[in-house]
Amino acid sequence: MADTGVSMGRGVLRPGLAATRFQLARRLPSAGLAPFVDFYWILRWDLRGRGAHEQTILPHPSVNLAFEQCGAGIYGVDRRLFTRSLSGSGRVFGVRFRAGCFRPFWRAPISELTNRVVPAVRIFGPEAEETRHAIMRADALADADTVMTDQAEALLCSVRPERDAAAEQAAELVARITADPALRRVDQLAAASGTSARSLQRLFADYVGVSPKWVMRRARLHEAAERADGGELVEWAELAADLGYADQAHLTRDFTATIGIPPTHYAAPAGPAEPLGRADPLGRAGPFGRGARPIG
């Protein structure tokens, strides 16, 4: 369960700036939890004496469980861009579940969690708070990351459900979409997976919480943002064709509608100072405060 050694990863926008404001580590799950858990993530920041940092995230189609000083919550898939505000110093320990694989814990359609945050005690009982306290105390220890991971694993193992073939199928389909930019339409995915488009829609609503079309669109936007953040000149018309857009204008509209500014502005050297996204009209507030979401 050592650190995976990856960088910020897709979804963390402006990763160069982010790396100067916080540290993000990831650890792999044990074999017994690997069918359910993608990875554990540990976020630390110390901005004392510095200004607050607003970190914008382009969400993945995954459910997260996050523990921090003020609470423990289960975060469903968020369809929109969101911002996490960091100030002072702090730490969050998170669990990112494989797409579709929180369904056996939730025991209801994951679409019920989409755009929502619910207290962790709803699923894990009072042990969720006991685990949160243990995780928060662990940072003073030399092997804090291992201790926090072990605490989270113990909690998950205490309620670990039976493996669910449909959940694992959903996870594999999401991974396939992410890995294969040639999969641009739901009917293509249906043909590749040997099922009908209607069956895919039902599977994704029940297990992933968003449609396969949404996952495809999000994968394309992750790729576009990663290219824009790469520091090299991007040929946007060529990238649009590679990602399956009809033309550059379609990519620009999609990128702007989600991230808040056109991709050419996002990629410009002065871009990091330009605010991204839009305010959440619902003003949703979870256990971590209004507008806060996990970064993992």
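Two strands are taken to pair if DSSP finds at least two bridges between them. Helices (H or I, at least four residues) and strands (E, at least two) are DSSP runs, numbered from the N terminus. The model is predicted: local features need pLDDT of at least 70, side-chain atom pairs count only at pLDDT 80 or more, and totals for chains, interfaces and linings use all residues. Residues are numbered from 1 along each chain as its sequence is written, and side-chain values use heavy atoms, with hydrogens and water left out.

**Figure 1. Strand β5 and its two pairing partners.** Strands β4 (64–68) and β5 (71–75) pair in the antiparallel sense over five bridges. These two strands, β4 and β5, form a hairpin with two residues between them. Within this pairing, Leu 65 has Ile 74 of β5 as its bridge partner. Strand β5 also runs antiparallel to β8, to which three bridges join it; here Ile 74 stands opposite Val 118. Five of the five residues of β5 are buried (buried means under 20% relative accessible area, exposed over 50%, partly exposed in between, with a 1.4 Å probe and protein chains only). In a regular strand the side chains alternate between the two faces of the sheet. On one side of β5 lie Gly 71, Gly 73 and Tyr 75, on the other Ala 72 and Ile 74, and both faces are covered.

Figure 2. Gly 76 belongs to the loop between β5 and β6. With a relative accessibility of 12%, Gly 76 counts as buried. Its contacts (heavy atoms within 4.5 Å), not counting residues up to four places away in sequence, are with Ser 62, Val 63, Leu 113 and Arg 116. Thr 114 is 38 residues from Gly 76 in sequence, yet the two C-alpha atoms are 4.8 Å apart in space.

**Figure 3. Thr 56 in the β3–β6 pair.** Strand β3 (residues 53–57) is mostly covered, with four of its five residues buried. Its antiparallel pairing with β6 (residues 82–86) extends over five bridges. Thr 56, a residue of β3, stands opposite Thr 83 in β6. Thr 56 counts as buried because its relative accessibility is 9%. Apart from neighbours within four places in sequence, Thr 56 contacts Gly 11, Val 12, Leu 13, Leu 81, Phe 82, Thr 83 and Leu 276.

Figure 4. A nonpolar core is a set of buried Ala, Val, Leu, Ile, Met, Phe, Trp, Tyr and Cys residues joined through side-chain atoms within 4.5 Å. The largest such core has 32 residues, and Phe 102, Phe 124 and Leu 156 have the most contacts inside it. At least two residues of this core come from each of several elements, including β2 (37–46), β7 (89–97) and α4 (127–137). Helix α5 gives the largest share, five residues. Leaving out residues up to four places away in sequence, Phe 102 touches Val 63, Ile 74, Phe 97, Ile 110, Leu 113, Ile 123 and Phe 124. A second, separate core has 23 residues, among them Ala 99, Phe 204, Met 216 and Ala 219.

**Figure 5. Helix α6 and its cover.** Helix α6 (residues 165–179) has 15 residues and reaches 21 Å from its first C-alpha to its last, close to the 21 Å expected at 1.5 Å a residue; the expected span is 1.5 Å times one less than the number of residues. At the start of α6, a side-chain oxygen of Asp 164 comes within 2.9 Å of the backbone nitrogen of Ala 166. The buried residues of α6 are Ala 167, Glu 168, Ala 170, Ala 171, Leu 173, Val 174 and Ile 177. An α-helix has 3.6 residues a turn, so residues three or four places apart point the same way. The cover over the buried residues of α6 includes α2, α7 (186–193), α8 (197–208) and α9 (212–228).

Figure 6. Most residues other than glycine have a negative phi. Arg 14 has a positive phi near 55°, and Arg 107 has a positive phi near 60°. Arg 14 is placed in the segment before α1 (15–18), whereas Arg 107 is in the loop between α2 (103–106) and β8 (117–119). With a relative accessible area of 9%, Arg 14 is buried; Arg 107, at 67% relative accessibility, counts as exposed.

Notes:
Polar contact = N/O pair within 3.5 Å; in protein donor to acceptor, adjacent residues only side chain to side chain.
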